[in-house]
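Thanks for coming, everyone. I'll take the sheets, then the ligand, then a few backbone angles. Have the viewer open, please.

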Amino acid sequence: MAEDLLVARRDGVYVLTLNRPDRLNAFTASLHQAVRAALEDAERDPACRAILLHGAGRGFCAGQDLTEIEPGADIGDILEHRFNPLIRRIHAIPKPVVCAVHGVAAGAGANLAFACDIVLAARSARFVQAFIKIGLIPDAGGTWALPRLAGPARARAMAMLGDPVDASQAEAWGLIWRAVPDEELMQEAERIAAQLATQPTHALGLIKRALDASQTHTLDQQLDLERDLQREAGRTPDFAEGTRAFLEKRPPRFTGRPA
Ligand code: T3D
């Protein structure tokens, strides 16, 4: 049987491919387990300096595999033990996560994409908050991310109508970084992941922390946090190398090491 998740490690990038194409890469318990293990490996492995997430087949991900839900199942439990840890881990992992979306990203599949750091989508891709069609509310961080990324009016309409939003619209609304021609999606996503894998990894992780914290901070709290995190970034060998390289008018050679 094919593995639910393919993991390739190349040039500092862990490429994670959701691999249940017959079910539009919908999440089962076993796919959750595989993604969790891969992200733990990626976090521990100092050679991993960026992660690229995408889907096999004709779409990115259709959210929860609905064939796995028993009648009367406690849906909150599935979130508590599977999707919530996944979304938290993607935010907390101190390495950049790039997501390449093609075809459809529906339900928790769309919100998984929106949790990633840099999201590219093929022009023909579409994002669907499909939950309302089956009597649910957006989860996997959707009610948190949508109003912050797209604004409250668009968040409400996406959540309540469940209509697809195409990639160009998603880009215009700030839901994703860029919509690209279909045939360029993977090449561009790989280029960005490879670029990130040569950058000051520790500082990239600190950027994630600072931007996430800003969601609830006052300006004063954020200025204090920036001071503390910048102090940490300033102690890294990458800061020393970056400064040296600038003064010597040569490209920097970052290692990504914290100290
Ligand atoms: O436990 C909990 O529910 C809590 C967690 C919730 C998180 C969630 O994600 S809830 C939302 C779950 N997702 C959905 O409701 C989306 C369901 N899928 C769709 O609405 C449509 O499939 C799409 C809009 C995503 C794509 O439509 P289309 O026409 O391009 O493809 P299709 O023909 O509907 O799907 C292709 C196959 O994938 C099909 O199987 P078949 O007929 O070829 O054997 C379809 O049944 C299967 N599939 C698609 N989505 C799911 C799925 N199978 C299981 N679970 C799915 N979510």
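One definition before we start: two strands pair if DSSP finds at least two bridges between them. Keep that in mind for our opening example, where Val-13 stands opposite Ala-50 in β3. Also, this is a predicted model.

So, what sense does the pairing of strand β2 and strand β3 have? It's parallel, over six bridges. Strand β2 covers residues 13–18, and strand β3 covers residues 50–55.

Now the other neighbour. β1 and β2 run antiparallel, joined by six bridges. Look for Leu-6, which stands opposite Thr-17 in β2. These two strands make a hairpin with two residues between the strands. Stop at Asp-11 there: it takes a positive phi near 50°.

Zoom out. β1, β2 and β3 belong to an open sheet of six strands. The order is β1-β2-β3-β4-β6-β9, and the pairing is mixed. At the edges are β1, residues 5–10, and β9, residues 178–180, and each pairs on one side only. From one strand to the next, the twist averages 20°.

A general point for anyone colouring side chains. In a regular strand they alternate between the two faces of the sheet.

Next, helix α1, residues 29–44. It lies across β1, β2 and β3. Against β2 it runs at about 175°.

On to the other sheet. This one is open too, with three strands in the order β5-β7-β8. Again the pairing is mixed.

The β7 to β8 pairing is antiparallel, with two bridges. Strand β7 is residues 126–128. Within it, Phe-127 has Val-165 of β8 as its bridge partner. A helix packs on this sheet as well: α3, residues 108–115, touches β5 and β7. The direction of α3 makes about 100° with that of β5.

Now the ligand. Which residues are closest to it? Arg-58, Ala-62, Gln-64, Leu-66 and Ala-108, out of 25 that surround it.

A polar side-chain atom of Arg-58 lies 3.0 Å from an oxygen atom of the ligand. Arg-23 also reaches a ligand oxygen, with a side-chain N or O atom at 3.1 Å. Ala-62 uses its backbone: an N or O atom there is 3.0 Å from a ligand nitrogen.

How much of the ligand does the protein cover? It covers 68% of the 1000 Å² of accessible area that the ligand has on its own. Two elements give two or more residues to the shell, α2 (75–92) and β5. α2 gives the most, with four residues. By class, the shell has 16 nonpolar, three polar and six charged residues.

Last topic, phi. Most residues other than glycine have a negative value. Leu-24 is not a glycine, yet its phi is positive, about 50°. You'll find Leu-24 in the loop between β2 and α1. Lys-249 is another non-glycine residue with a positive phi, near 55°. Lys-249 sits in the segment after α10, which is 237–247.

That's my part. Over to you for questions.

Definitions and conventions: Residues numbered from 1 in each chain as written. Predicted model: local features only at pLDDT ≥ 70, side-chain atom pairs only at ≥ 80, totals over all residues. Heavy atoms only, no water. Contact = heavy atoms within 4.5 Å. Axes fitted to C-alpha atoms, helices over the stretch in contact; angles between N-to-C directions. Near = heavy atom within 4 Å. Polar contact = N/O pair within 3.5 Å; in protein donor to acceptor, adjacent residues only side chain to side chain. Areas by Shrake-Rupley, 256 points an atom, 1.4 Å probe, with all protein chains shown as cover. Nonpolar A, V, L, I, M, F, W, Y, C, P; charged D, E, K, R; others polar.
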